Amino acid sequence: MTMRTRTLGTTGPQVSALGLGCMGMSALYGEADRAESIATLHAALEAGVTLLDTGDFYGMGHNEMLIGEALRAAPAARREQALVSVKFGALRGPDGSWLGYDGRPAAVKNFAAHSLQRLGVDHIDVYRIARLDPDVPIEETVGAIAELVEKGFVRHIGLSEVGAGTIRRAAATAPISDLQIEYSLISRGIEDEVLPTTRELGIGITAYGVLSRGLISGHFTADRQLGAGDFRAMSPRFQGDNLRHNLNLVEALRKIAEQKGVSVAQIAIAWVLSRGEDIVPLVGARRRDRLTEALAALDVTLEPADLAAIEEAVPAGAAAGDRYPAAQMAHLES
């Protein structure tokens, strides 16, 4: 595996060509092994992964503390290469319920203060609100992050799951490094308006969900029992006929992967990598073996014939079911 680098837009940092999304180590996918999570973080840093993505609401702070612990225990050279991207703004209840989003300037600064403490760092490399607060203009939220940049507490400003109009308004307020948004073979909605807009403005993409929460990893089966607290138990794409349809797409993709001598996950990640140098896929590996598999996608070269075969097997819009339950879809901008 050869680690390459990409740049987050025209104003952002240079990062590894794959980033590590750490959410699953703390929340939404059932129980995780703490020791294995830290070992996976260390293995990622050792392999040259520099971008670590988290949210202050992942496990109500657990994920940030986990990353902080892993960084403190890492060799100094690896610790210094790490760039941490943090999402904020999601409000949670003691029972884990979702209570909305808060993008008020005072809240932005308060969230940042707590994240800096939990991570054990003096600055956050990329800071972004997780979803648009409908009651606060994006200019106010981004302006507050820009003040944190001026004071040295944040290095770069990002966005998350917003549409083209909001991207333009944010970019007119302060330099935006990247937009974090779901993008995969079966989640291609950004191709119509969002991706052309970010490219016009010189904003990069950090793509999460590149394996659609394991659905197109090649490892998910129709009879898998999902544990308590696993988001996928409520996800439309993992339900009934939708799941059967989507797993048929995976089997079509598996045939192409086998012809290439790679895994389904590797060809799915390689497809996202092929979409442009301005896109950095985030892989959600919680274990070292899954991380190793994902990193090997960097060595997969997709020829035009491969891309055509993939497009035929899994055309845009082929997935059955929305990517979130209806209540959460309401918080996403198209």
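Biologist: What makes strand β9 (residues 154–160) largely enclosed by the rest of the structure?

Modeller: In this predicted model, six of the seven residues of β9 are buried, so the strand is largely enclosed by the rest of the structure. Strand β8 (residues 124–129) is joined to β9 by three bridges, and the two run parallel. Within β9, H156 is the bridge partner of V126.

Biologist: What makes strand β11 (residues 204–208) mostly covered?

Modeller: Five of its five residues are buried. In a regular strand the side chains alternate between the two faces of the sheet. In β11, G204, T206 and Y208 are buried on one side, and I205 and A207 are buried on the other. Both faces of β11 are therefore covered. Its pairing with β10 is parallel and extends over five bridges; there A207 is the bridge partner of I181.

Biologist: Why is the pair of F57 and W98 called edge-to-face?

Modeller: A pair of aromatic rings is described by the distance of the centres and the angle of the planes. Rings pair if their centres lie within 6.5 Å, and planes over 60 degrees apart count as edge-to-face. For F57 and W98 the centres are 5.8 Å apart and the planes stand at 75°, so the pair is edge-to-face. The pair links distant parts of the chain: F57 is in the loop between β4 (51–55) and α2 (62–73), and W98 is in strand β7 (residues 98–101), 41 residues apart.

Biologist: Why is the pair of Y183 and W271 called tilted?

Modeller: Planes under 30 degrees apart would count as stacked and planes over 60 as edge-to-face, with the rest called tilted. Y183 and W271 have 50° between their planes and 5.6 Å centre to centre, so the pair is tilted. Y183 lies in the loop between β10 (178–182) and α7 (194–201), and W271 lies in helix α9 (residues 264–273), 88 residues apart. Y183 counts as buried at 0% relative accessibility, and W271 counts as buried at 1%.

Biologist: How many aromatic pairs does a search of the whole structure find, and which residues do ring pairs link into a cluster?

Modeller: The search finds six pairs. The cluster consists of F57, Y58 and W98.

Biologist: How do you know that R92 lies over the face of W98?

Modeller: A charge sits over a ring if CZ of Arg is within 6 Å of the ring centre and within 35 degrees of the ring normal. R92 lies over the face of W98, at 3.9 Å from the ring centre.

Biologist: How do you know that the buried residues of α8 line one face of the helix?

Modeller: In α8 (residues 240–260), the buried residues are L243, N246, L247, L249, V250, L253, I256 and A257. Seen down the helix axis, they fall within an arc of 160°, so they line one face. The face turned away from this buried side carries the exposed residues D241, N248, K255, E258 and Q259. What covers the buried residues of α8 includes α9 and α11 (304–313).

Biologist: Why does S37 count as buried?

Modeller: S37 has 1% relative accessibility, and the limit for buried is under 20%, so S37 counts as buried. Not counting residues up to four places away in sequence, S37 touches M25, A32, L66 and R286.

Conventions. Residues numbered from 1 in each chain as written. Predicted model: local features only at pLDDT ≥ 70, side-chain atom pairs only at ≥ 80, totals over all residues. Heavy atoms only, no water. Helix = DSSP H or I, 4+ residues; strand = E, 2+ residues; numbered from the N terminus. Buried < 20%, exposed > 50% of the residue type's maximum accessible area, 1.4 Å probe, protein only. Expected span 1.5 Å × (residues − 1). Arc of directions from axis to C-beta. Contact = heavy atoms within 4.5 Å. Pairing = 2+ DSSP bridges.
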